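Let's take a walk through this structure together, starting at the surface and then looking at a few spots in the backbone.

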Amino acid sequence: MKIDWTRNETLVALVIAAFCLAAAIADPGFLSIATLTDLLRGGIVLGIFAVAALIVLISGGIDVSFTAIAAFTMYVTAMVLNAALPWLPWWAALGFGMAIGACLGAINGVLIAGFGLPTLIVTLGTLSIFRGFMLTFIGQKQITTLPPGMREFGRMMLVRGENADGSFYSLHGAFAVTVLVIILTWAILHRTMLGRQIFAIGGSVESARRIGIKVRGVQFFVYVYVGILAGLAGVIHASMARVANPFDLVGLELSVIAAVVLGGARLAGGHGTLTGTVLGVALIVLVRNSLIVLGIPSTWQSVAIGILILIGTGLPAWQAKRAAARSA
Amino acid sequence: MTTATQATPMTRLFASTEGRLALITLVVFVLMSALSPDKFLSLQNFTSMAFQFPEFAILALAMTLTMLTGGIDLSVVGIANLSAIVAAMILTQVTGSGDGVAVLMMAYAAALAVGLVAGLFNGVLVATLGLPPILATLGSGLIFTGIAIALTGGSAMMGFPPATAWIGNATLLGIPAPLVLFAALAFAMSLLLTRTAFGVKVRMYGANPLAARFAAINIDAMLIKVYVISGALGAIAGMVVMSRANSAKADYGSSYLLLAVLIAVLGGVNPYGGYGRVIGVVLAVLSMQFLSSGLNMIGVSNFARELIWGSLLIFVMIVNTWRAKGRRS
């Protein structure tokens with residue numbers, strides 16, 4: 001297999017490899033199953049968010065409201081299930097969250113596809129609206145007693161075990177959901193006409209319209225799909241944390257978009273891969289969880305992520321600029 | 001649209017974004033006055049509003065300038081906090097004589113220098129290296145905030161000489177000092193955009209980057225200047241926040257970032273570049289402040305403000321595009 005050195009994915013994979021190598025040299029205990037399961041656990045919710053952000057970026061838009069959708073959904077789901085539907089099993093609780101997420105995503109969809117408003121502005125507005133509505137009319141207190149369905153899901157583990165030194169490790173069942181989301185999204189993007197149309201709109205809306213793509217319908221689908229994924233991620237987050245805190249999640253949106261862009265998706269639309277997205281998320285989770293292993297205090301975490309974003313987006317931008325200068 | 005309706009002054013007022021915004025501001029003002037006349041229309045309320053809004057209004061000016069070039073500056077709040085922390089370190093560690101005016105001037109100079117250097121960093125990323133502004137400033141914003149956290153360990157810095165309080169809390173001939181500062185900056189920004197060659201270049205590049213290149217505008221130099229000015233405005237806002245809070249912390253004003261973007265867009269600035277007027281931004285700031293103070297008085301929570309701001313933004317955008325579509329057809 002030929003390695004393409006100009007791709008973001010290669011660059012990110014190399015940085016991840018170098019990081020792991022340095023961490024393993026600094027602390028041989030780094031290379032353990034416990035570290036791996038910790039990292040995978042950290043990537044569950046971020047991974048679903050990143051897939052959602054990726055599909056919007058490919059379609060040529062940007063969505064900053066998905067964290068608010070997730071927070072809204074997890075809070076309302078926990079509240080409604082506690083009050084009215086405590087007998088719902090865990091899979092129905094996830095389904096309930098996805099339905100609420102779909103409704104909120106449809107609001108974005110109507111404003112963007114229906115009214116033709118700029119995506120950044122709309123989602124900036126709905127971010128405040130969803131969050132403000134939840135905190136004003138629904139509640140501000142943490143829900144510490146989750147409904148039985150969510151509690152059951154919170155206890156579900158794929159793998160559980162004990163290390164040689166007696167410490168425990170486990171991989172949460174929600175990891176399987178993230179993997180399913182990635183496979184489903186891959187299938188939509190690369191095995192359906194809808195996926196081709198999403199890429200086409202991201203490349204050029206006008207060209208897409210002229211070859212007969214129903215741009216509004218596709219855009220509407222994208223924002224509803226993002227809503228569904230965000231709702232799912234919200235319920236998973238609350239189940240894993242065993243508490244529904246309405247102040248969680250919001251504020252993560254720009255880091256998620258940064259992870260996706262690190263993986264090679266372009267803000268201008270039409271470009272982006274799931275491989276790159278997964279690598280981007282892996283790198284961000286690695287920096288968040290394991291910077292301390294390299295002897296860098298965790299207070300420097302956001303500096304490290306900032307530098308990574310600048311290098312990850314700066315190198316391709318600089319190469320493109322040089323290439324343009326040569327051809328001119 | 002017929003020419004007859006266009007001729008009346010009323011329709012001409014509605015035809016411009018600023019005209020509609022002026023009307024919205026007026027409606028909000030009248031509505032809030034009607035809802036709680038004794039509290040909203042009091043001198044005390046006006047004074048407290050005049051102390052509240054300048055800090056994020058200054059950030060909105062920075063956002064306006066970068067948006068005019070089709071860019072955005074997501075690092076302004078990071079710059080504000082980093083410069084406030086650098087100033088706070090000087091204020092707490094250098095002991096001056098008397099009321100500490102000399103030390104304060106030194107701290108202000110250092111803060112402004114931080115703002116200028118941070119802005120220069122952004123400018124080089126955007127202009128020289130060609131990064132998309134949203135990513136460049138997102139990354140640099142994380143770096144500035146990160147340095148601020150690393151310098152303080154994340155805790156607040158306090159214990160400043162009394163003179164520090166002046167810029168955020170004093171009055172000048174009865175007018176709150178932060179308001180005077182904002183008015184001066186807004187006026188200067190307006191002059192810069194409409195009366196100088198630099199302003200024309202900024203708007204021309206925002207409207208059509210290719211045409212600007214063919215018009216032999218030195219785009220890189222122009223963009224660097226834009227981000228340097230934005231950084232300086234961030235530092236000034238940081239000084240006002242530091243003075244009003246009487247402390248400096250790495251995560252102050254984190255909600256101001258989206259608010260600044262919101263105000264600029266509400267004020268009619270085109271986020272894709274090319275169009276925007278300072279008067280629109282000032283009207284947007286005023287309507288936001290009337291709305292939040294008024295709602296505060298009738299006992300609505302801070303979170304409801306967020307809800308109403310978001311709704312207002314989307315409402316204005318729908319009206320604006322509706323008008324644009326109507327004019328085309």
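Lys and Arg count as positive here. Keep in mind, too, that this is a predicted model.

With that in hand, look at the surface, where R41(A), R151(A), R155(A) and R242(A) gather in a patch of positive charge. Let's stay with one of them, R242(A). You'll find R242(A) in the loop between α10 (215-241) and α11 (253-262) of chain A.

Most residues other than glycine have a negative phi. R242(A) is not a glycine, yet it has a positive phi of about 60°.

Now hop over to chain B. N246(B) also has a positive phi, near 55°, and is a residue other than glycine. N246(B) sits in the loop between α14 (219-245) and α15 (256-266) of chain B. With a relative accessible area of 42%, N246(B) is partly exposed.

Finally, the cysteines. How many disulfides does the structure hold over all chains? The count is zero. As for individual cysteines, C20(A) is partly exposed, at a relative accessible area of 24%, while C103(A) counts as exposed, at 52% relative accessibility.

Notes
Residues are numbered from 1 along each chain as its sequence is written. Chains are lettered from A and ligands numbered from 1 in the order in which they are written. This is a predicted model: local features need pLDDT of at least 70, side-chain atom pairs count only at pLDDT 80 or more; totals for chains, interfaces and linings use all residues. Side-chain values use heavy atoms; hydrogens and water are left out. Patches are made of residues with over 30% relative accessible area and no salt bridge: like charges are joined within 9 Å, nonpolar side chains (Val, Leu, Ile, Met, Phe, Trp, Tyr) within 5 Å. Accessible areas come from the Shrake-Rupley method with a 1.4 Å probe; for residues, only the protein chains shown count as cover. A salt bridge is a side-chain nitrogen of Lys or Arg within 4 Å of a carboxyl oxygen of Asp or Glu. The place of a charge is taken as NZ of Lys, CZ of Arg, CG of Asp or CD of Glu. Helices (H or I, at least four residues) and strands (E, at least two) are DSSP runs, numbered from the N terminus. Buried means under 20% relative accessible area, exposed over 50%, partly exposed in between (1.4 Å probe, protein chains only). A disulfide is a pair of cysteine sulfur atoms within 2.5 Å.
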